[in-house]
Amino acid sequence: MGGVAVASHGSAALLHNLARLGRPSGRLRLTRGGGRYRRLDIDARLHVCGLPPEHVTSAYGVSATTIPRTVVDLARQGTFRSGVVVADSALHAGCTKRELSAVTDFCRRWPGVRTAREVVAFADSRAESPLESVSRVFMLERGIPMPELQVRLGDGDRVIGRVDFYWEQWRVVGEADGMLKYDEPGALRREKLRQEALEDTGVIVVRWTWDDIWRQPDRTEARIRRALARGGRTR
């Protein structure tokens with residue numbers, strides 16, 4: 001492209017190491033700021049739209065859209081759930097909501113910007129994994145009270161651990177298990193002892209996996225609501 005286009009959308013997300021739902025596409029995504037559309041000799045999709053200099057950066061020596069612009073581009077063209085995953089990842093990496101909002105203001109008349117604004121408003125830097133992000137969207141969609149994220153719990157002066165989700169009003173802990181964290185030898189035993197220590201303080205622990213969210217959403221919702229109901233009765 002002679003330097004007139006930059007990596008964007010999913011291609012830029014890969015360069016910036018942003019988390020996304022699903023597997024990366026093998027198709028290159030490019031954006032240029034103006035000019036006539038041209039057919040490419042490679043398997044790529046070219047977007048022609050506004051691209052001010054402040055929306056362009058370099059990653060691994062490759063010209064690409066900035067992290068805020070990449071997040072907004074993906075949020076405009078994807079689902080709310082997928083947008084939250086990439087936005088949470090960007091915020092966790094140090095991007096700010098002010099930077100994201102500045103891009104949505106620039107794109108205010110573009111298709112999909114309403115979804116992008118909703119994504120930015122809901123995004124949270126404390127989410128540490130795509131499963132945690134998807135879990136938050138799941139709770140929102142199901143009308144489950146929103147918990148606090150990454151809360152340290154303990155017994156007196158002793159800190160037992162930091163939990164993914166905590167409903168303080170009901171003393172219920174939620175843990176989103178991606179399972180990879182148990183690959184380390186002894187990790188499963190340590191997690192079991194940690195849960196027992198948490199339960200000894202009087203909290204209720206409910207856990208779920210990707211499969212629970214995607215394939216058993218009704219059952220997962222019921223389990224969380226039962227835990228909240230039990231927590232309410234024991235107060």
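This is a predicted model: local features need pLDDT of at least 70, side-chain atom pairs count only at pLDDT 80 or more; totals for chains, interfaces and linings use all residues.

Reader: Which residues of H7 are buried?

Author: Buried means under 20% relative accessible area. The residues of H7 that pass are Ala187, Glu191, Arg194, Ala197 and Leu198.

Reader: What covers the buried residues of H7?

Author: The cover includes four strands: S6 (148-155), S7 (158-167), S8 (172-176) and S9 (204-208). Just after H7 comes Gly202, with a positive phi of about 105°.

Reader: What makes helix H2 largely enclosed?

Author: Count its residues. Nine of the 11 are buried, so the rest of the structure largely encloses H2. Among the nine are Pro68, Arg69, Val72 and Ala75. Their cover includes helix H1 (9-15), strand S2 (28-32), strand S5 (62-65), H3, H4 and H5.

Reader: Why is Ala75 called buried?

Author: Ala75 is found in helix H2. Its relative accessible area is 1%. The cut-off is under 20%, so Ala75 counts as buried. Leaving aside neighbours within four places in sequence, Ala75 is in contact with Gly83, Gly112, Thr115, Ala116 and Val119. How far is Ala75 from Glu191 in space? The two are 35 Å apart, C-alpha to C-alpha, and 116 residues apart in sequence.

Reader: What makes a group of residues a nonpolar core?

Author: The members must be buried, come from a set list of residue types, and be joined through side-chain atoms within 4.5 Å. The largest such core here has 23 residues. Leu18, Val71, Leu100 and Cys107 touch the most other members. Helices H2 (67-77), H3 (80-92), H4 (97-106) and H5 (113-122) each supply at least two residues of this core.

Reader: Which residues does Leu18 touch?

Author: Not counting residues up to four places away in sequence, Leu18 touches Ala13, Ile67, Thr70, Val71, Val86, Ser89 and Ala90. There is also a second, separate core of 19 residues, which includes Val85, Ala127, Val206 and Ala227.

Reader: How do you know how many disulfides there are?

Author: A disulfide needs two cysteine sulfur atoms within 2.5 Å. A search of the whole structure finds zero. Take Cys49. Its sulfur is 7.5 Å from the closest cysteine sulfur, in Cys107, and that is too far for a bond. Now Cys95. Its closest cysteine sulfur is also in Cys107, at 13 Å, again too far for a bond.

Reader: Why is Cys49 called partly exposed, and what is Cys95 called?

Author: Cys49 has 21% relative accessibility, so it counts as partly exposed. Cys95 has a relative accessible area of 12%, which makes it buried.

Reader: Why is the pair of Phe165 and Trp208 called stacked?

Author: Two tests decide it. Ring centres must lie within 6.5 Å, and planes under 30 degrees apart count as stacked. For Phe165 and Trp208 the centres are 5.7 Å apart and the planes are at 25°, so the pair is stacked. Phe165 lies in strand S7 and Trp208 in strand S9, so the pair ties together parts that are 43 residues apart in sequence. Both Phe165 and Trp208 are buried.

Reader: How many aromatic pairs does the rule give?

Author: The count comes to four. One of them joins Phe80 and Phe122, with 5.7 Å centre to centre and 45° between the planes. Phe80 is in helix H3 and Phe122 in helix H5, 42 residues apart.

Conventions
Residues are numbered from 1 along each chain as its sequence is written. Side-chain values use heavy atoms; hydrogens and water are left out. Buried means under 20% relative accessible area, exposed over 50%, partly exposed in between (1.4 Å probe, protein chains only). Contact means heavy atoms within 4.5 Å. Rings of Phe, Tyr and Trp (its six-membered ring) pair if their centres lie within 6.5 Å; planes under 30 degrees apart count as stacked, over 60 as edge-to-face and the rest as tilted.
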